[in-house]
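Me: I have a structure open here and want a quick walk through its side-chain contacts. Can you take me through it?

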Amino acid sequence: MVKGSKSFIVAVLALLVNIVAQGQERVYVSTDKNAYLAGEDLWCSVYCQDGNTGKYSNLSSVAYLEFHSAQGVEDLIKVPLVKGRGCGRLQIPFDFATGNYSIVAYTKLHGGDSKGDFSGRVVTVYNTVTAEKVDRAVEIVEQLPDAVAVPAGYGDVMIGAKADLQKGVLPVKITNTGMVEASINVSVFHYDELEKNSEGLRSASGTLLERKGDFAETGVTDFAGEVITLEVEPLQWSKDWWKGVYVYMSAKGNEDDLYVGRIDSLGRVTYYTNNMSGDKDLMIEVVDNVAVSARFSGQEGVMQKYKVKVLENKYNHKAGEIPVLKISQKMRGTLDKRSMRMQIGKRFAADSIFNLMPMRTSSYLGAALPLKYNLDDYTRFPTVDDVVREYVSYLRIRTMDGVRGFKVVNQDGNDFSWASKGQALALLDGVPVRDHNTIINMDPLLIKEIQVYPRQIVLNHFVFDGVVKFNTYKGDMGGLKMGENFSIVPHSGVQYPLAFLGDGILENLRYPNYNSTLYWNPLVEVGEGETFEFSCPLPKYRGEFKIVVEGIDGAGNGIYKEAVVSIE
């Protein structure tokens with residue numbers, strides 16, 4: 001046995017011991033506020049703990065949040081986890097009916113069938129574009145009930161805030177007065193009648209760490225990222241058709257989302273990804289003869305030979321009793337105002353006003369930096385062949401075994417010493433193209449940038465002498481139509497870990513700030529005795545604004561504190 005194999009086996013055994021020793025992973029969810037309109041963003045902060053120790057779990061890298069109404073599951077998002085903490089957002093669909101929704105949260109390892117009804121965070125959604133209500137879950141009343149007493153604040157945290165109207169900001173100080181560090185999320189939002197009507201949901205949800213209901217263990221763990229399993233079905237079945245069949249899986253775009261796997265006897269292939277973020281089209285190529293280049297739809301005799309789908313495990317997840325939502329005609333004015341503000345925000349929304357939080361990244365290319373060639377910086381030539389010959393170092397176009405293709409040479413300008421026929425991995429907008437002639441024959445005016453990695457890489461059973469990336473202006477692969485053995489499968493990946501810190505608004509004074517949530521930071525670490533300070537921009541309207549701090553301290557205790565600031 002080689003030394004590397006022995007080390008790998010030891011690592012796997014250690015991981016298995018860790019799984020056995022760890023208790024059930026319990027996922028807790030905090031949100032930026034209690035009440036939302038259909039069309040608004042629901043921001044969430046996620047805490048994943050080991051049920052035995054109360055410490056953050058390092059096992060799973062994805063948390064799953066299901067949004068249940070009284071009628072069942074309405075939506076699902078996946079939140080990436082780093083050392084037990086993560087964040088994401090649900091862009092509440094306009095087809096969400098008015099009603100209360102329970103967030104059922106779990107990891108894939110402990111996300112099997114329910115072991116008792118699940119009770120977690122409950123939020124309210126008001127739909128102002130349709131009269132549809134969750135069946136038998138909404139009651140129209142003449143007079144709204146008196147406010148329900150919410151749990152008193154707890155935990156060693158102090159909040160200080162005073163608006164600065166001249167500068168148009170609300171400076172906030174949050175001090176950890178305890179004896180241990182604290183991991184928290186912080187929100188500032190408009191404290192309107194909708195929020196006050198939904199305050200009783202905190203009594204229904206309990207404190208952050210109070211949840212009921214667990215799930216059966218599945219045996220599947222999202223270690224480094226989401227585990228994705230594809231099922232491949234041949235359109236013409238034959239015995240042992242699956243032997244020697246490989247499947248490339250990539251995501252269209254310029255990210256390093258590329259995986260290769262071998263099909264098993266059930267026609268399945270499993271990928272242990274590093275988390276594929278956002279909604280993507282998965283580009284799937286089934287390779288049943290690695291010696292033959294891919295054929296595309298522009299060529300004769302191209303036909304689909306396989307049907308591919310993503311396997312989704314179906315489990316029975318049951319939400320606990322969801323409180324009935326009581327609404328009144330007297331809420332119309334508040335709903336109209338918030339709807340108007342939401343529509344303004346949608347019209348001017350841009351990703352530039354959000355903040356990307358730390359995220360796990362791991363590329364098959366390692367830490368190597370590419371040689372980049374922005375073709376707009378050079379005189380344009382009529383063919384890709386001319387472009388490569390004149391400008392692109394370390395890249396050649398050669399004829400190998402009677403087939404033209406790209407060849408990457410090392411930094412000395414020579415072939416690599418150990419190679420697999422000198423084969424280079426060619427990517428077009430992140431999608432592997434095994435028939436290099438397809439790219440060579442492209443119109444180079446469609447290509448914005450070429451990147452070359454002059455180093456060998458290994459993908460599963462394949463060794464490539466270098467990587468060359470071709471990125472088009474539109475990211476549409478230059479209109480190339482995939483053909484034989486290619487499939488396109490839509491996939492909703494994990495959420496990008498975003499925050500809304502308001503600095504993008506402060507930098508753009510012309511932005512019409514009518515947002516309901518003024519500030520949302522889902523991942524804040526505050527040491528013993530330390531103070532966390534920030535300023536959030538005040539909106540164009542006035543009223544009461546609530547500051548909420550929620551989280552868990554280093555001893556495993558929950559934290560919840562709030563303060564209300566009135567701005568006239």
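Reply: Start with a charge over a ring: Arg341 lies over the face of Tyr541, at 3.8 Å from the ring centre. The rule asks for NZ of Lys or CZ of Arg within 6 Å of the ring centre and within 35 degrees of the ring normal. This is a predicted model, so local features need pLDDT of at least 70 and side-chain atom pairs count only at pLDDT 80 or more, while totals for chains, interfaces and linings use all residues. Residues are numbered from 1 along each chain as its sequence is written, and side-chain values use heavy atoms, with hydrogens and water left out.

Me: Which residue lies over the face of Tyr191?

Reply: Lys196, at 5.1 Å from the ring centre.

Me: OK, salt bridges. How many?

Reply: The count is 26. A salt bridge here is a side-chain nitrogen of Lys or Arg within 4 Å of a carboxyl oxygen of Asp or Glu.

Me: What does Arg338 meet in a salt bridge?

Reply: Asp192, at 3.1 Å, N to O. Helices (H or I, at least four residues) and strands (E, at least two) are DSSP runs, numbered from the N terminus.

Me: Are Asp192 and Arg338 buried or exposed?

Reply: Both are buried. Buried means under 20% relative accessible area, exposed over 50%, partly exposed in between (1.4 Å probe, protein chains only).

Me: Which residues are linked with them in a network?

Reply: Glu40 and Glu195 join Asp192 and Arg338 in a network of salt bridges.

Me: What about Asp385, which residue does it meet?

Reply: Arg404, at 2.5 Å, N to O. Asp385 sits in helix α5 (residues 384-391) and Arg404 in strand β25 (residues 403-408), so the pair ties together parts 19 residues apart in sequence. Arg404 is partly exposed, at 30% relative accessible area.

Me: And Asp376, what is its partner?

Reply: Arg380, again through a salt bridge, 3.1 Å from N to O. Asp376 is partly exposed at 47% relative accessibility. Arg380 is partly exposed too, at 27%.

Me: Switching to rings. How many aromatic pairs?

Reply: A search of the whole structure gives 19. Rings of Phe, Tyr and Trp (its six-membered ring) pair if their centres lie within 6.5 Å; planes under 30 degrees apart count as stacked, over 60 as edge-to-face and the rest as tilted.

Me: Why does the pair Tyr248 and Phe462 count as stacked?

Reply: Because their planes are at 25°, with ring centres 6.1 Å apart. Tyr248 is in strand β16 (residues 246-251) and Phe462 in strand β29 (residues 462-472), so the pair ties together parts 214 residues apart in sequence. Tyr248 is buried at 4% relative accessible area, and Phe462 is buried at 13%.

Me: Which residues form one aromatic cluster?

Reply: Tyr64, Tyr106, Phe118 and Phe215.

Me: Last topic, the open sheet. What is the strand order?

Reply: β11-β12-β33, with antiparallel pairing. β11 (157-161) and β33 (531-537) stand at the edges with a single partner strand each, so one side of each is left without a neighbour in the sheet. Two strands pair if DSSP finds at least two bridges between them.

Me: How many bridges join β12 to β33?

Reply: 7, with β12 covering residues 169-176. Ile174 stands opposite Phe532 in β33.
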